[in-house]
Amino acid sequence: MDKTTAAPPPRARRTIAGIETDVIEIGSGRPLLFLHSGEGPTAPTDRYLRALAKIYRIIAPWHPGFGYTDIPADFRDVTDLAYFYLDLAQHYDLKDAVLCGASFGGWIAAEMAVRNTQRFSSLVLVDALGIKVSGRETRDIADIFAMPTAELVRTSYVRPDVAARDTTQMDEQDLAAIVQSREALCYYGWQPYMHNPQLKRWLHRIGIPTLVLWGAQDRIAAPEYGRAYAASIPGARFALIDNAGHYPHIEEPETFARRVADFAMAPA
Amino acid sequence: MRAWYFTESAYPDAWDKDPVSLRITLPSSHIDRDKAADILNRHIDEWAMCDDLGLNIMLNEHHSTATCLTSSCTLPLAILARETKKARLLVLGIPIANRTDPIRVAEEMSYVDLMSRGRVEMGFVKGIPYEIAAANSQPVRMMDRFWEAHDLILKAMSTRDGPFNWEGRYFHYRQVNTWPRPYQEPHPKVWITSGSPATGVDVARRQHRVATVLSALNAKLLYHAYRMQIAKMGLPDPGPDRFGYLALVGVGDTQEEGETFVKKVKGYLETTGIVAEPFTNPPGYASVAANVAALKRGHTQGGVGAHFQVTMRNGKQINQATASVAELVDAGVCFAGTADQVVAQIKSFNDYVGGCGNLLVMLQGGTLHHKDTVKNMRLFSREVLPRIQNLEVATDRDTEEIERVRERAQREKLVAAQ
């Protein structure tokens, strides 16, 4: 695996619609709003962002409450994040943009897309959470809050070493960011667990070309869940990325970027 | 000092069934229903003896666990309201941040307070982290939910001209009008447990009783923070009655017998922290700073709570599950030996913490069987309790500092009033 560690792209603090958030902006061309999985857009690596930035102008925020900001006092659930990102799209005056979200970020992207796709012309959902597919006694999404950390990492990746880190050597600000992200994920996703029971009902409203990309070996949310997601969105395509678990953009960044570009071809 | 008898109502026969977790994931097939029925009935019998022994009663609850069969403290409370006539009845307590319906709490507490003609004391607890998964309760911002539930319950119990409206952040009711009303006016006394001086300050602001467990050092810091906050509010010293403390207690005819009793009660300490890693530290339960410190130590997820660690008076950290009885006595985790020895230990503890008016005595735990439990309860109530009822505490430097703060606050109040 490529372990080269280029300096991370700069994180800039922005205030958008009264909410403080951190954003990475790199690359040029057609805008792509990337809504992160896990702890933030650079965790555990940002290689996929660099790969995308060869083609797109990337706007990659930390969800409010994740990383280095607090959960906004009056935010209650994922729909608040969806409306915030619609405000953010307006703030950046995005046009003909690609909306791409992974895992929890994919859930937010889907919530945005059922509300308003005016500023976006393509949607890419990557191992997205957010809907309920199976019956009440079947968990669609693995209970990450009931797994020991080592097991969670093993379950999330085909190659768990991509997420290896030594927290004893990290500085306190970055450790606090890990802790805050874990809290925020819990805050937004604890109950109902990582989904909005009403979201699937409204996915038919998504009227832009949609690609549902899935790690072929995802054991957090299985590919069948992804197929059900795609089947609920009119005309959506479903594709697997091989040799990848729940985070294919982390494990196969070049393949991931190529799939996104192949799908959302036309530059602005 | 008043004494409150307590047992966790454990199910020790299942303690060897899973070395990783006795909570959350241990299937109930490990319960023999007849044995469990015996345990529940036996403990009610023991609590019911408190009337004759001059002891008060304390009850608690835990969920999905072989360490405690009481899944709702309100149930034995209601039974004991009829089984006893004199003892005060303390629940410590109700995990109100994990209860979906605070009005139900207000109704049940009012009912039992009436039934017992005003003997209920009402404890509200955050609950240990292991309760989160069992309740499926959101751990992030849970103390905000706790205080909203607290405010709603007390308003529901004390309002006599209802109904009233409540549309809060966490709870919504349009017609709150609690029937029956409680016996005590405006509501039973409130206790809140706390492991930290910061929560102690929050409790002091509301002038409730505060209780802590199994660490003399924590108790000392907590009571000091409480008394200091009361002084900052310009109010008179609350006295020891506001403070509670839970310890394991073994009283025997000989030192050896007392220590043997406490070693059996100590089965509680040896098992209470056996919980699968992810349930020990739900996100948002512990502070960001505590989690950062744990990550810095190399813990990835568990290990934030120190359920097994306790600090001795000299600062040495000991493991509750493996430490000697002498070390545990020093740390205030247990009091054990002959009646004379236990009296001396409790007096020393009382001086160390600056005065504590309520001793919650765990005289049963683990495999201590009925006959020894009764002996332990009798020796404690006859030979220890009469000698600790009126303990004095010497004025120390801490007290003088608190008095200076109080005088300043009272002067400022006078100036503000003029």
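# A first look at chains A and B

Chain A carries 28 positive and 32 negative side chains, and the centres of those two sets sit 6 Å apart. Keep in mind that this is a predicted model. Below is a quick tour, starting with chain A as a whole and then moving on to individual residues.

**Chain A overall**

- Chain A is built from nine helices and eight strands. Its radius of gyration is 17 Å, close to the 18 Å that the globule rule gives for 268 residues, so chain A is as compact as a globular protein of that length.
- Of the 268 residues in chain A, 57% are buried.
- Take the contacts in chain A with a separation of 6 or more: 77% of them come from residues 24 or more positions apart.
- The accessible surface of chain A is about 11200 Å², and carbon and sulfur atoms account for 48% of that.

**Spots to look at in chain A**

- R11(A), R13(A), E20(A) and D22(A) are joined up in a network of salt bridges.
- E111(A) is part of helix 3 (residues 104-115) of chain A. With a relative accessible area of 1%, E111(A) is buried, since the cut-off for that is under 20%.
- Leaving out residues up to four places away in sequence, E111(A) touches V78(A), T79(A), A82(A), N196(A) and L199(A).
- E111(A) and K200(A) are 89 residues apart along the chain, while their C-alpha atoms are separated by 9.7 Å.

**Positive phi in a chain A loop**

- D93(A) isn't a glycine, but its phi is positive, near 50 degrees. You'll find D93(A) in the loop between helix 2 (78-91) and strand 5 (97-102) of chain A.
- D93(A) has a relative accessible area of 42%, which makes it partly exposed.
- D96(A) is another non-glycine residue with a positive phi, this one about 55 degrees. D96(A) also belongs to the loop between helix 2 and strand 5 of chain A.
- D96(A) is partly exposed, at a relative accessible area of 32%.

**Salt bridges in chain B**

- E121(B) and R88(B) pair up through their side chains in a salt bridge, at 2.9 Å from N to O. E121(B) is in strand 4 (residues 120-124) of chain B, and R88(B) is in the loop between helix 3 (74-83) and strand 3 (89-94) of chain B, so this pair ties together parts that are 33 residues apart in sequence.
- Both E121(B) and R88(B) are buried.
- R104(B) and E108(B) make a salt bridge too, with their closest N and O atoms 2.8 Å apart. Both residues are in helix 4 (residues 102-115) of chain B, four residues apart, or about one turn of the helix.
- R104(B) counts as partly exposed at 48% relative accessibility, and E108(B) counts as partly exposed at 27%.
- R181(B) and E185(B) form a salt bridge through their side chains, at 2.6 Å from N to O. R181(B) is partly exposed, with a relative accessible area of 36%.

**A buried arginine without a partner**

- R242(B) is in the loop between helix 8 (216-232) and strand 9 (243-251) of chain B.
- R242(B) is buried but has no salt bridge. The nearest side chain of opposite charge is D241(B), 6.6 Å away, while a salt bridge needs the atoms to be within 4 Å.
- So what does R242(B) touch, not counting residues up to four places away in sequence? Its contacts there are Q207(B), H208(B), R209(B), V210(B), Y226(B) and I230(B).

**Cis peptide bonds in chain B**

- L92(B) and G93(B) are joined by a cis peptide bond, with omega about -10 degrees. G93(B) is in strand 3 of chain B.
- E185(B), the salt-bridge partner of R181(B), is joined to P186(B) by a cis peptide bond with omega about -5 degrees. P186(B) is in the loop between strand 6 (172-176) and strand 7 (190-193) of chain B.

Terms used. Residues numbered from 1 in each chain as written. Chains lettered and ligands numbered in written order. Predicted model: local features only at pLDDT ≥ 70, side-chain atom pairs only at ≥ 80, totals over all residues. Heavy atoms only, no water. Helix = DSSP H or I, 4+ residues; strand = E, 2+ residues; numbered from the N terminus. Rg over C-alpha atoms; globule rule 2.2 N^0.38 Å. Buried < 20%, exposed > 50% of the residue type's maximum accessible area, 1.4 Å probe, protein only. Contact = heavy atoms within 4.5 Å. Areas by Shrake-Rupley, 256 points an atom, 1.4 Å probe, with all protein chains shown as cover. Lys, Arg positive; Asp, Glu negative; His and termini not counted. Charge placed at Lys NZ, Arg CZ, Asp CG, Glu CD.
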